[in-house]
Amino acid sequence: MKKRHIICYSAIFLALSLFSFNITLSALANRNIGTLASMLTAKAASLPSPSVCTNENRIDNLSDITTAGLRELNQYQNICGSFVANHMMLLTSMPNSTKNAIELADSMAATLKTYSEYGVSPIVMVEPVTSWGLVDFSEYESGFYDDWISAYFKELKLQGLTDSQMGTWVPFPEANLPYWNTANTTASDFGVIVSKYLEALEGYFPNAQGSILLSSATYTDTNFSWQNENYASLLPYITNIEPGLVDSVGLQGFPWMPPEGSTAAPITNANTFLNIKQATSMADALKTKEIWFNTGTFSTAYAQSPNSIVFVDASTRLQILDSIISEASIAKSKGYDVSINLFAQDQSNTKEAIDWSYWHSEADESNIQADAMKSFIQGVYSHGIQLSIFDNGEQASNIPLIQDYMPE
Amino acid sequence: MNTELFIIFRTLIFIFATLMLVKYYVFMVIGPFYTVKESLRELKITKQQKGKPKRLVISVIIPARDEEVGIVKTVQSVIANTYSDVEIIIVNDGSKDRTDERVREFMQRETSDGYVNGKHLVYFYKENAGKGAALNYGIERATGEIIMTIDADSVVAKDALTNMAVYFQDDRISAVVGNVKVSKNETVIGLIQRLEYMFGFYFKRTHAVLGAEYIFGGACAAFRKSIFDTLGLFDVHIKTEDIEMSMRIRFNGHVCTYAENVICYTEGASTVASLLNQRLRWKKGRFDTFLKYRSLFWSSHKDHNKALAFFILPYTLLSEAQLFFEPIGITLLLSYSYISGDYISLTFGVMFIFVIYLINAIFHHEGMTLKLLLLFPFSWPLFYFLVWVEYLALLQSFRMLLKGDEIEWQRWDRTGVQELPYTNTTLS
């Protein structure tokens, strides 16, 4: 065989190999071979463990704490070797009796006092669920829950909580998603029910912070599949909120990967799933300058379906996280106060079947998934953006969670 | 677009992989029955002959062209054989090196009457006309009922001829191919070929069980002489005369088999260039022959072996088609595993090869194979190199087929085989 033939055929062989690699890279990681160098350097250079996440000192004495969120925060501090955040998101549900309201309030009061003791400000997500199941928004709107909500805040007040210890309250988060019980309401009812709840809060804690959170993606009831999202304006949801009632507006958006074998295109750029225009338009309408994003990345999706399971590597996660910072930075450059809540709890064992976490034990401290998170935290603070974390480690058994109501 | 292509390629790979797994599974399951089949054949023939086997004279033909390094060793190995009714015919095909000198020196030193160790040694020098012509030259002058061809860069095991004669006690057998092993060579290329031959010749067991053996390589094959009277001599116009003759025999409905206990050691290609040329010769020769005997594919003719026509030959073509997609397939599997972190398919592939290794080791003659077993984790990159070589040979074969070109006779620097034919072999 002549040399020129060997060279020519080898070139074909190599070209086919690269072609195949490019297709795989594009289909699985939404990248092309042109970005290979950056991918490799991302793994080799960007991902190596940043020594610390921030230059601030960590919150002390969290090591023996039993409160779920703070216990997890301590782990984040261990991984980061520094301060991570002084805001933590936590979930609560709705009371469905006076007795239940008092019990829930007592439990919440204890938690919030502990948070306050360690200087951590809570972001309380009020999930529209009770032990009965999903709250019918129209029923709430009619005043069915008013007495119990009142009893709840009254008890919190009786427990001695101050307005600042209450932190920020976010009633009915992501209520534009169809898995909530919205059958008897429309988009405009969201403003009514949120206002109703926050006014009740203000009645007992006039200086507590109130906020809203809506999903960037909306869906129709009949077409509720993650890839059928519509990133439409969210203004119809806030028409009935009086400007000045909420202190901040929240936009929730997450990346999406098609299940294994699907031909659907992944959504991995925050410019799509967390577009700031949706947030700033709401903030402008409600006359606030505070915007926050509830977002995150996952290492595994469809975790309970072996044929559909999807894995996302650390460099891809970092790329997504970088795009989140970019969006947040744009908002900041436009004069908004911006914060990000990093949703980072492993939910792979729930119906949601997504692992949003960055490690599974402290033994994983050095793994590159954790490094991606550390780089992200560094980036967030370096852009003057505030950070909060959601990770309770394990889900509290007395709070029904959104994934319990997700379609099978 | 890329996602769609990924799905298409993945589906293609899945189809190819499934078909190949079926093949290898069938081969692995059937292969072990080879020993049973051959033992039963031997028993039946022994009964028929009432313990008195026929005396068959084997004419061993050794064509040689510039084989000064190995020719004497080849002849010595035949002389050292335990079988006595042997005629050794050396045909020097116009060598320009010292082959002639080496053979004459050896004959002068070892014999005065043309016999060494009871074996008749004959030497011819002729003008260069190619290997096929050299073989025919020897066949025309052979006196034995059995014609055995051995390359001049190979040596036979001490009991190879004795074992070969046993197969021809069965009057139905027209041709037998021996078990060719690559001589010990500690280079990477040598190692790759040893592993490859180990696999290839293990699978000949399955061919034999199915009665579908169809390649009798010139390095170590034997034919009943009458077959040449019936079907004619080797085709001198084709460089892969052995492959053509093999297919001609199968096409005409003759019974053939594989003899695992007839062991020959041959010198493998020692450089990448020689390996490329060797594979090109094999591939092009195979394509030429397949074209010539294309009516054998899916043939229901009574003379044609159905396993060969409907399973072995179509699968051989399928393997070539798979090879065409191999750079895409292997890269896709490796990159998929790396990017997704899902190493299940890759692990399955590696483990499958390991199982084949293991089965090979269990049924192989030599304990050395168990040492090779330890190489299994490294076999993937080694075979990837071989895929590249085969791929180049495939493209060049296509090109030559389209242009109607013929291949040149391969030449490479000889180093000589390492093995000495002092060991016996028995069927495991």
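Me: Is B:Glu320 buried or exposed?

Reply: Happy to start there, keeping in mind that this is a predicted model. The relative accessible area of B:Glu320 is 11%, and buried means under 20%, so B:Glu320 counts as buried. Its place is in helix α11 of chain B, residues 306–340.

Me: Which residues is B:Glu320 in contact with, leaving aside its neighbours within four places in sequence?

Reply: There are B:Lys283, B:Arg286 and B:Phe287, and also B:Leu394. With B:Lys283, the side chain of B:Glu320 makes a polar contact of 3.0 Å.

Me: Next, helix packing. How do I read a pair of helices, and at what angle do α9(B) and α10(B) pack?

Reply: The general idea is that two packed helices are described by two values, the angle between their axes and the distance between those axes. Here, α9(B) covers residues 241–251 and α10(B) covers residues 272–292. They pack at an angle of about 30 degrees, and their axes are 9 Å apart. Angles under 35 degrees count as roughly parallel, so α9(B) and α10(B) are roughly parallel to each other. The crossing of α9(B) past α10(B) is right-handed.

Me: Which residues make the contact?

Reply: From α9(B) come B:Glu241, B:Asp242, B:Ile243, B:Glu244 and B:Met247. From α10(B) come B:Arg281, B:Trp282, B:Gly285, B:Arg286, B:Thr289, B:Phe290 and B:Lys292. Sorted by class, this contact has six charged, four nonpolar and two polar residues.

Me: What about a pair in chain A: at what angle do α3(A) and α13(A) cross?

Reply: Helix α3(A), residues 68–80, and helix α13(A), residues 368–382, cross at roughly 90 degrees, and their axes come within 10 Å. These two helices are therefore roughly perpendicular to each other. A:Tyr76, A:Ile79 and A:Cys80 of α3(A) meet A:Ala370, A:Met373, A:Lys374 and A:Ile377 of α13(A). That contact has six nonpolar residues, one charged and no polar.

Me: And a helix pattern like that one, how should I think about it?

Reply: An α-helix has 3.6 residues a turn, so residues three or four places apart point the same way. With that in mind, look again at A:Tyr76, A:Ile79 and A:Cys80 on the α3(A) side of the contact.

Me: How many residues of α9(B) are buried?

Reply: Ten of the eleven, so to speak: α9(B) is mostly covered. Among the buried ones are B:Met245, B:Ser246, B:Arg248, B:Ile249 and B:Arg250. Just after this helix, B:Gly253 takes a positive phi of about 80 degrees.

Me: How many residues of α3(B) are buried?

Reply: Helix α3(B), residues 71–79, has seven of its nine residues buried, so it is largely enclosed by the rest of the structure. The buried set is B:Ile71, B:Val72, B:Thr74, B:Val75, B:Ser77, B:Val78 and B:Ile79.

Me: Stepping back, what does the secondary structure of each chain come to?

Reply: Chain A has 13 helices and 14 strands, and chain B has 14 helices and nine strands. Of the 408 residues in chain A, 55% are buried; for the 428 residues of chain B, the value is 59%. Now take contacts between residues at least 6 apart in sequence: 76% of those in chain A join residues at least 24 apart, and in chain B 83% do.

Key:
Residues numbered from 1 in each chain as written. Chains lettered and ligands numbered in written order. Predicted model: local features only at pLDDT ≥ 70, side-chain atom pairs only at ≥ 80, totals over all residues. Heavy atoms only, no water. Axes fitted to C-alpha atoms, helices over the stretch in contact; angles between N-to-C directions. Helix = DSSP H or I, 4+ residues; strand = E, 2+ residues; numbered from the N terminus. Parallel < 35°, antiparallel > 145°, perpendicular 65-115°, else oblique. Left-handed = near helix turned anticlockwise from the far one by under 90°. Contact = heavy atoms within 4.5 Å. Nonpolar A, V, L, I, M, F, W, Y, C, P; charged D, E, K, R; others polar. Buried < 20%, exposed > 50% of the residue type's maximum accessible area, 1.4 Å probe, protein only. Polar contact = N/O pair within 3.5 Å; in protein donor to acceptor, adjacent residues only side chain to side chain.
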